[in-house]
Each structure stands twice: as C-alpha cells, then as structure tokens.
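Good morning, everyone. Please bring up the sequence and the model, and keep both in view while I talk.

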Amino acid sequence: MVKRFEARQSAADVCVGGRSDMSLEGLRRTFREHVFYTQGRFPMGASRNDLYMALAYTVRDQLLHRWIRTVEQLGREDIKIVSYLSAEFLLGPHLENNLINLGLYEDVRRTAEEEGLDIQVLFDQEEEPGLGNGGLGRLAACYLDSLATLEIPAMGYGIRYEFGIFDQEIRDGWQVEHTDQWLRLGNPWEIARPEITYHVNFGGRTEPYEDEQGRYRVRWIPYRTVKGVAYDTPILGYRVNTCNLLRLWKAEAVESFEFEAFNVGDYYGAVDQKIYSENITKVLYPNDEPIQGKQLRLEQQYFFVSCSLQDMVRIYKLLGGDLSRFSSHFAIQLNDTHPAIGVAELMRLLVDENGMDWEPAWEVTCNTFGYTNHTLLPEALEKWPVDLFAGLFPRHMEIIYEINRRFLDEVRNRFPGDEDRVARMSLIDESGERYVRMAHLACVGSHAVNGVAELHTRLLKEEVLRDFYEMMPEKFNNKTNGVTPRRFVVLSNPGLSRLITGKIGETWVSRPEELRRLEKFVDDPAFREEWRRVKLENKKNLARLIRERTGIEVDPSSMFDIQVKRLHEYKRQHLNVLHIIALYNRIKQDPAYDVCPRTFIFGGKAAPGYFMAKRIIKLINSVADVVNHDSDVNGRLKVVFFPDFNVKNAKFIYPAADLSEQISTAGKEASGTGNMKFSMNGALTIGTLDGANVEIREEVGAENFFLFGLTAEDVTSLQKNGYQPMEYYRSNPELQAVIERISSGYFSNGDQELFSPLVDSLLFHDTFMLLADFGAYMDAQRQVEEAYRDQERWTRMSILNVARMGKFSSDRAIREYCKDIWKVEPVPVTLE
Ligand code: B1N
C-alpha cells in the first residue's frame, strides 16, 4: 500500500519568515521530515501510525502560526474573551477536521496519493479524544468550532482525562467496557505547558485574621495540595485565521510534598501521595447523569475550575487589569452545573486572595458568569452532601453560606412571609440530609441562565427553576442548541456536500441559511436522482462497516432506520424495539405480509452501572439474533447493534440514515443534537414533541416530519391523574402480543427471567410512558412506510429537510450567545 519515499532536507527551510510553507512541495517536505525527525524512522520502517503522526504534525505546523497570533490577541487588554468551562469536550478526531478548516483537504489527499498513501487509512489511525459522554460534551466541541469560525477570541477549559469514555464491546449481546487508552501512542494535537501550573487545595480548615489595614479576613489552611498542569490543543475555525485554544488540566503531585517525604525518609508515603494526586484526572465518569455523592467527581470539578479561574486571573493581571473590571475582559460560561463551584471560587480568589470587599467582588462574579442548564430530570440536578462539600472545601462552604444569607434576605424582601419559597430557593436543601444545590448556586451567581431548546427553557421557567424565574425573569433566556456543519456535513458527507456545492456554491458551509436555495431544485428529477445516489453510496459505506464490525449483512436498498444516542429509559430505545417485534409478529402471523424492507440500526453506550439500559442493549441484540435469522423474515428486516458508537464512527452513520428516531418521552430530552445531525444529512425524523424536535419540525414543515405521541403537558397531566400502563396494555392486542413475545422467553432461549425486569417495569410503572405512546408510534411508522414506498416523495422530503436546517448550525447558536449573554464581538486575526 505504501510507496516508500525519501526523507531529505532540513527543518530549517520549512518555515518561511515564521510562516509555514503551504505549497504542496512544502507540505510533502515537512511530512517527510516529521517521519524522520519526529518519529525517528526511515521511510521504509515507518508504520501506519508513524505516517499518521507525521501527517498530524505536518498539519499542526500549519496551525501554529495562526495559533500564536490568536493567543497574542488574547493578551490584548481591549478585547473580551469567552471562557467556556466544561467538564467534557467530546472533540472527535482532529486531523480531517483541521484539513477541512485549513482548506487543505484536497491538496493533502492528492499529495498523499502521489506518495502511495491512502489518506483514509491514516485517518483511521487517529484515536479520538473521547473526553465526554454524549450530547453535552459534543455540544461544547461544536461551540469551540463555531467560536473560532466566527473569529471570537475564546478559550475552552476542561479536564485532560487520562481515560476518556470507555470503549464498548458487545459480547454475547451484552455491553462490555474497556478502558479508553487514547494517549497510548501519544497525542500530536496537544502541547504540554509544564510552566503553566497552579496549586489546588483541598480539605483542612479556615482561620480568621486581620490584614494590614485591620480588616477582617479569612485564610484557608488546606490539608492537601495538588498541582494542575496545562495542556493546550489548537482549535482552528473554518477558513479563518482564528485558532483558539482548548486548555485541559492534568493533575500531578506537588513536588514539595515529595521532597518533604524524602527528608523524613517516607519514600512510600511520597509515592502514595503522587498516585493519589494524579487520580483526580485519571478517568471520565461514564454517566450522563450526575453521580450522587462521589467525592472524586467533586474533586475533579473543583480541580479544573480552580486551575481555570487562577489562569484567567493571572492573564488579567499580566495585562495590568484592575480586578474590579474582570468581567469586561472575561465572559465565563458554565456548561451545566459541573463547574458551578466556580461561583464560590471566584469569590474566594477576589476576596481572600486579592483583598477585594464582598460587594464589588459579588458584582464582578455575577457579571462574569452565565449558566446553561441541560436537563429537566429532577433526579439529574446536581447536589452535594454538605458534610462532603464542607470537608473538601471549608472556605467555599462559608462563602456559599454567606451568598445564601444575602440571597435569602432578598427573597424575604421580595416575598415577605413566604418561608416555603425561601426553603425552596435556598442554596442548601434542608428537607432531609443537607445538600448544596449546584443549580441554585449557578442561577444566583450568574447574570444569564439559559435552556437549550425553546420547550426546555419554557419548562425550566415553569417548573424546575420557577421560583428563580419569578424573582429574576430578566436572567432567563433560550439558546437552542446547534451543531457544526463542518464536521457533521462537510467532513461526514462529502458526497452530499459536493452535490450541494455544485448547485449553490460553497458559502452554505458558513452560512447554512443559504441551503434554502436548494428548494428550487426539489422538483428537478435529475437532482433527485443524484440525491438518492449519494444516499445509497453512504448506505453502502455503512453496510460495509457493519459487516466488518458485526458480521451482519444488510441491504443498502432497505430503509435505514437509525437510533444512535446514549442508552436511557427516557430516550426509549425499547419503544423502537417494540415496533420491530410488532412487525416481526405480523410476518410470523402471515409470512406474505408486505413489510417495507428495513434495517434497524442502534448504537450507544450505557452507563456501566445502569442495569435497565444494559438490559435494553441485550434485548436489542437478542431480537436481532432471532429476526436476522428467521426464514419467514427472509432478510426483509434486519436489526443491528453497532458497537462503540462515538464521534469517529458517527461520520458513517448520520449520512447513511433514511429515518432518524427521536422518540423520547415529551418533556425529558432537553434538546437533543443527534436529531439535528440526522436531518442535516437528509434523514427524515420520526419524533415526539420533545426538545429541539419541536423547532426542527417548525423549520422543515410538519408535512416533512413524522410526529407522534403525548405532549409534555399530556405527560404531566397523565402522571397527575395516576397513569395506568395496564389500561393501554389491555386495550391493545398487538401490544399484548409484543410483550408476550418477550416475556415468553422467545428471544432468550426460553429464559423468562432475562427480560422480566424490563417487562415488569413497563407493565407496572412505565415511568416513560411507552405503552401510552405505543399505538401512536405504530401509526406514525405506518406513515413512514407509506412515504418511503414513494421514493420521489421521500426524496422531496429529504431535500426539504436539508434545505431548511440552517437554523441548527452551532454558528447561529454562538452568535446568539455572543450578542445576548457574552457581549463579545469578532476580532479577526491577521498573520502579518
Ligand atoms: O445535553 C445535550 C442535550 O442536547 C441533551 O438533550 C441533554 O440530555 C444533554 C451529567 C449530562 N444533559 N445533561 C447531561 C452529561 C454528563 C453528566 O455528567 C449530565 N447531558 C445532557 C446538550 O445540550
């Protein structure tokens, strides 16, 4: 495969006047030099990984000049910087994305080809940094892409987990987790900054003292100190010079501890200390709901927030800034409550460490922070036991009590005599064991609070944060999520991108509103034909990958009906399964039943401790085993569980979908972003009125969307009136037959126990109302089938979906954040 080539010339002529040489010859030379000088290989001995690394460094060289110029900007006193604080950044592979944003993709592909290299093979080598669980982490990554593309000076701050989200294997139908050793072969995209470090303290006690001016002050005498080291990754915008920086923190032991230990001869104590310190950034918690009460998780949160805030204060002081104006230089966004302890930490830095008085410090803090909420599930709202919190952060606990005392005074002022309200709004939950309520801290300490879709924001105002909305309505606003069309269309779907660009030019990539211009081709038969050809090609690619990864043969001319997302009962992958079994039953009853050939594809990870979610994976695979091998079905239905769904293989999945399953119980999915990725790639959606589905349907038109199911209001009122799943069960024979298939052991070699937890949960609780929605879902699926049988109609709907999805670009979302919350403007970067 690899034609060998020679390394020649020195590194000196790679850089021309501080600018890297972007000519093809220059790229080729740089690449060869990285094989030799960076990887230490003669071309003959270079492995695929060596070649990938050399190409990655070649591309990184192209970023550096832009990066350094952008970082210089960050040091300008007259500009405001967005600082996006997130415990998760689910970036996905860098190489291909950077090539696209640089505009070098074609050149490099061709050059590689001339060298005898298949660039796809090199792309395959890249380990993706899976530093997130799902939507929330991926949203942060899309926002970094858009911030850079819109030329907004910005930093992402987070955690450099040594192990990201686990790799998923499916063994005997069950999920098996493997640690994600993404750093094993090195990471060419990061630059370690060992000189940028901060100390982060834990535990101990506080002590009052008088400062030189005789003022009452408090100092924190910690029990333990850990060092945070910065690792920077460049984030280049699309076809601009702005190259922002993602700064991730790694925990290390503080040297002095070791020296002390050596002095008293306690070598093993020192080693313990080192290992203990490094634990903090060892592993990402694989839950996409908070884990109650895990000390290490709280330590992770404080660790990265403290490093990040100290970094901002240092940068600001370097500029000679006066801390009372800190909020004119930094706008800090809290990505959910995971970094919400930042409110107390900034107060501590301003008051304790920089001698500010409480009131001005509080004003700075509130003006600096914005808070994005990502969930309505009450059990998912983060709270920390007061004992745990106070033990780790005695000073922050005091600060939070003081914030709370002042805040509750205001509440009492506004609502005299309403002590119930005071208890509801308190930063401390005192209804039983005492907890610190992180969402309340984030609300009180921010000037802006937003939800991530219109419905979600409305429900926040009406329910979860209702008291806060009543008291400070001006803080609340909506920012409907978006996704980057660079990764999720240009990179993932080159065929479709070429087709679109051929018709309307390439400006849609940064202005996807322009996709509307496709509408005038919707009735053009040749265009429709091309549209179908592209989709078929994408389906063939996915079919190939499915065969490789699962051994299952699927028919690319069948409808690809796909649900990929984290496994969660509220997302209702099992509702999808009920539909599959219903179709299967119809075939079993009448093998001549005219079923529309479909391939049902599932993908997604279950939290390792989530019993029901893991059982749903097993159910999907068990149903697959039966359906895929039944001669009555005769290949007309296929069921696939695609293992290890992640950003890297998502690229093959979204573009291949005909139908996108967005079937969560209304009111439970805050927004969803997969829904957007599918529709932008020409899939039609079957979905409930939940999260951003509502707005997608508004944009693409009700006639181009398969709607079904209860509304959020229906769900609430059903719940209030005592929902009885059994009633739906009794009145629907098809549903009964489906449930009977499962509970009889038909899919589990006669084992009636295996799926009884699932069945019992549906029949006797059904928290997420699958049975109530089953009938409507079946009807909507019937309409899907009808539409799909008319390929001209389907293509028309598909084109209109793509043409009308412009709103869901993360560029639009980021523009809104910039204008309404951060008050920042673009600052173009020049290279001279
Ligand atoms: O955030 C996404 C939304 O599109 C999804 O609807 C929402 O479910 C998701 C704790 C979370 N909400 N909360 C989390 C993740 C990790 C964790 O430890 C909670 N993820 C979401 C983007 O807005």
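Let me start with words. Helices (H or I, at least four residues) and strands (E, at least two) are DSSP runs, numbered from the N terminus. Two strands pair if DSSP finds at least two bridges between them.

Now the ground rules. This is a predicted model, where local features need pLDDT of at least 70, side-chain atom pairs count only at pLDDT 80 or more, and totals for chains, interfaces and linings use all residues. Residues are numbered from 1 along each chain as its sequence is written, and side-chain values use heavy atoms, with hydrogens and water left out.

First stop, a hairpin. β10 and β11 form it, with 5 residues between them. Look at glycine 214 in the turn: its phi is positive, about 75 degrees. The two strands, β10 at residues 205-210 and β11 at residues 216-221, run antiparallel and are joined by 6 bridges. Arginine 205 stands opposite isoleucine 221 in β11.

Next, zoom out. The protein chain is divided into three parts by an automatic or database domain assignment. Domain 1 is 1-76 + 94-127. Domain 2 is 79-92 + 128-481 + 815-822. Domain 3 is 504-709 + 776-808.

Take domains 1 and 2. Their centres, taken over C-alpha atoms, are 35 Å apart. Contact here means heavy atoms within 4.5 Å. On that basis, 27 residues of domain 1 touch 35 residues of domain 2.

How much area do domain 1 and domain 2 bury between them? About 2,700 Å², with 62% of it on carbon and sulfur atoms. Buried area is the accessible area (1.4 Å probe) that two parts lose on being put together, summed over both. Trp67, His94 and Glu127 supply 31% of the area that domain 1 buries against domain 2, more than any other three residues.

What about charges? A salt bridge is a side-chain nitrogen of Lys or Arg within 4 Å of a carboxyl oxygen of Asp or Glu. The count between domain 1 and domain 2 is 1 salt bridge. Arginine 184 also forms a salt bridge with glutamate 127, with the closest N and O atoms 2.6 Å apart. On the domain 1 side of the contact with domain 2, α2 (48-74) and α3 (95-102) each supply at least two residues. The largest share, 15 residues, comes from α2.

Valine 82 has alanine 154 in β6 as its bridge partner.

The other open sheet to find has 6 strands, ordered β23-β22-β21-β24-β25-β26, with parallel pairing.
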